[in-house]
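I opened my notebook to look up how charged side chains pair up here. Come and read along with me.

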Amino acid sequence: MEELSDGQFRKLAIVRQLLKEPGVLLLDEPSAFLDTENKVFLAELFNRLKQQCIVILSTHDLHFASTCADEYLELKNNQISFVTTPKL
């Protein structure tokens with residue numbers, strides 16, 4: 001059996017959590033190690049999931065965040081602030 005790539009492992013971990021039908025999905029860097037095509041798929045998936053559960057994610061990828069987030073919190077200099085759009 002071949003080993004999974006980091007991106008494949010990350011997608012599998014997300015699918016495993018979705019099978020549990022969570023009310024809240026908390027993800028840390030879900031788009032890390034994914035190519036552009038899979039980032040687009042993931043953003044579309046999160047947009048559909050908004051109807052079923054709360055999706056909270058942390059990311060350094062502001063472009064990815066802008067494609068799937070409704071609200072943003074920014075952590076900078078140990079302070080959290082609400083921003084209307086990510087600063088690309």
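These entries follow the charged side chains, pair by pair.

**Entry: the count.** I kept in mind that this is a predicted model. How many salt bridges did I find? The count comes to two. I reminded myself that side chains of opposite charge can pair when their charged atoms come close.

**Entry: Lys 39 and Asp 61.** I looked up this pair and found their side chains joined in a salt bridge, at 3.0 Å from N to O. Lys 39 sits in helix α2, residues 36-49, while Asp 61 is in the loop between β2 (54-58) and α3 (62-68). The two are 22 residues apart, so I noted a link between distant parts of the chain.

**Entry: Asp 70 and Lys 50.** Here, too, the side chains meet in a salt bridge, with 3.0 Å from N to O. Asp 70 lies in the loop between α3 and β3 (72-76), and Lys 50 in the loop between α2 and β2, so the pair ties together parts that are 20 residues apart in sequence. I found Asp 70 exposed, at a relative accessible area of 60%, and Lys 50 partly exposed, at 29%.

**Entry: Glu 29.** I then turned to the loop between β1 (24-28) and α2, where Glu 29 has its place. Which side chain of opposite charge is nearest to Glu 29? It is Arg 10, 7.0 Å away. Glu 29 is buried yet has no salt bridge; the cut-off for one is 4 Å. I did find a polar contact of 2.5 Å between the side chains of Glu 29 and His 60. Leaving out residues up to four places away in sequence, Glu 29 touches Arg 10, Ser 58, Thr 59 and His 60.

Key
Residues are numbered from 1 along each chain as its sequence is written. This is a predicted model: local features need pLDDT of at least 70, side-chain atom pairs count only at pLDDT 80 or more; totals for chains, interfaces and linings use all residues. Side-chain values use heavy atoms; hydrogens and water are left out. Helices (H or I, at least four residues) and strands (E, at least two) are DSSP runs, numbered from the N terminus. Buried means under 20% relative accessible area, exposed over 50%, partly exposed in between (1.4 Å probe, protein chains only). Lys and Arg count as positive and Asp and Glu as negative; His and the chain ends are not counted. A polar contact is a pair of N or O atoms within 3.5 Å; within protein, one must be able to donate a hydrogen and the other to accept it, and residues adjacent in sequence count only if both atoms are side-chain atoms. Contact means heavy atoms within 4.5 Å.
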